[in-house]
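Let's take a friendly walk through a structure, starting with how two chains meet. Keep the picture in view as you read.

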Amino acid sequence: MIIRKMLFASVAIACIAGPVSALADTSGKKIALSNNYAGNSWRQAMLTSWDKITKEAVSKKIVAAADPFTTAENQATEQAAQIQNMILQGYDAIVINAASPTALNGAVKEACNAGITVVSFDGIVTEPCAWRIAVDFKAMGESQVEYLAKKLPKGGNLLEIRGLAGVSVDDEIHAGIQAGVRKNPQFKIVGAVNGDWAQDVAQRAVAGILPSLPEITAVVTQGGDGYGAAQAFAAANRPTPTIVMGNREDELVWWKQQKDKNGYETMSVSIAPGVSTLAFWVAQQILDGKQVKKDLVVPFLRIDQGNLETNLAGTQKGGVANVEYSLEDAQKVISAAK
Amino acid sequence: MRISTGTIRLVIPAASLALLLAAVFYMQPRAMSYTGLNLLFNLAVPIALATVAQMLVMAVNDLDLSMGAFVSFCACVTATFLQASPAVGVLIFLGAIAAYAVIGVVIHVRELPSIVVTLGMSFVWSGLAVLMLPSPGGEAPGWARWLMTSRPPFVPMAIVASVIIALVTHFAIMRSSVGVLIRGVGGNVRSVERAGWSVIRIRAGTYALAGFFAVLSGIALVGLTTSADANIALRYTLLSIAGVILGGGEFIGGKVSPIGAVIGALTLTLAGSFLSFMRISSDWQIGAQGAILIVVLALRLLLNRLEKREKSR
């Protein structure tokens, strides 16, 4: 009898202790994604990446659940309500792409007070108790000029296509480009237009300014505007300058065609929508008890002449080149911030 | 015992709120606590105030399409001027309330459709809000934050505030002589005019009162969010109209119910949480929210018809 009991007990202990020791401490934790908008290709890719990576993590029992929620109307008050609902639903961590950097602070504070880990990315929140995964847009702008300085040591005239006026991302990329030009005085920005990150707007804007410009050696961009710029140059019968691309599928296809035709060379840079998966792993690491700094910087995704084909093959039609992050990538980002 | 029409008007919204609440409690037992109720309803407080403001405008047979923009503007004032130099903030609010009164006068004197005037004003308010806060930020005044996050014993702040709003407006609109005049202007302008009242003054006063409640809504909202941005409350235009209708008010003026309006605002907020707990995808959520509205309105139509049959018998 006693032996039987002991056997039972040891089996029970083996059953409980076995899996626990083999897995991370976060196997019982639930993570939620609060997303404010899903209406463009970048956000769709972001949600698909989240789905793919988190489903795998859930099936491997790294976390118990990772549910995405998107608000219907892209409004801060709606997202604040959504976050408060998540607190009630008992999530251990909330990953946020925020509609407003400040208007969610009240709800984020409530979540922190309830002992919930809050990680914001892309659209970050300013509440100090939350973690922020931001993109160094300034470095992204600067890297464009640095690339051009290497490729065109003689320098020349630049045309700058900016994004949507009044949005902080536009200011930051612009500041980075200006800093790059200051370091490389052989380049001179002779014209700037607002392309609003859309090919049709960029094409119209570039076509409008082109007649007044001298010869352009290169075009610095913000993403989503390179293809439109190329079309405008072609329509005006002007030689195609080096146009920095922004990882959109139409841009990469155009680049590939030019490359095959006449060996056209450029580079492409933007943030990968898969940054949502990086935020997921960071949240998982924080739940695991790791010390993580509150402000992290996400690397941007750069495509060069050599890896164009592989990136293009992995990009959906009408989509954006993407990369999904693994646990190891997240650990690298975390240790880099220390 | 005869049940008054006013009571019947209240039955449907109250019943739908109770039903939704029961469903939420069933799905998420965690919500059945002090903190849970507060989290469910605290964002409903500014919506309830905006709904009351909209109800006042609807009581005089008008519609305010600038409600969301105006509440956003008030939120921006609260997070900037009212916080930094309260006197200036109060002055701006008084000016805004006066502007609302002027809008009422203009609509009345020029016999303009209120929808057009308020739609135009919504751009003015949005523009002023952007001028004040070009990028999101600001800080909530300490007292507003304290008020919205205070924890009264037994009943959470969100519920206490809703009950106070409902009772105060009920007595002001349904039980006072001023309230009778306001509803009279919406129901039958001529009879109010012939009785010797100045309709223009009543309308101006009603608009000013609506502006006052919208100001309170902005302050309450910033008290919850801790800071503001120029687009923070754009949803409130449609939410406030839906809240009034859901709570038993009608577009034709004169027929409003303050308690119902507050219940309507709570129901709308709860409907959002309910759908989120149901795990309905965001693509369907607006549709589902609309479906809830239609069901409630259909129920009311049915009840109205029964009521009429009762009367004609």
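In this predicted model, 28 residues of chain A are in contact with 28 residues of chain B. Two residues are in contact if their C-beta atoms, placed from the backbone, lie within 7 Å.

By class, the side of chain A that touches chain B has ten nonpolar, 14 polar and four charged residues. Here Ala, Val, Leu, Ile, Met, Phe, Trp, Tyr, Cys and Pro count as nonpolar, Asp, Glu, Lys and Arg as charged, and the others, Gly among them, as polar.

How far can you trust chain A? Its mean pLDDT (the predictor's confidence in each residue, from 0 to 100) is 87, and 92% of its residues reach 70 or more. Over residues 13-23 of chain A, however, the pLDDT is below 50. Where pLDDT is low, the predicted coordinates should not be read in detail.

Residues are numbered from 1 along each chain as its sequence is written, and chains are lettered from A and ligands numbered from 1 in the order in which they are written. Local features need pLDDT of at least 70, side-chain atom pairs count only at pLDDT 80 or more, and totals for chains, interfaces and linings use all residues.
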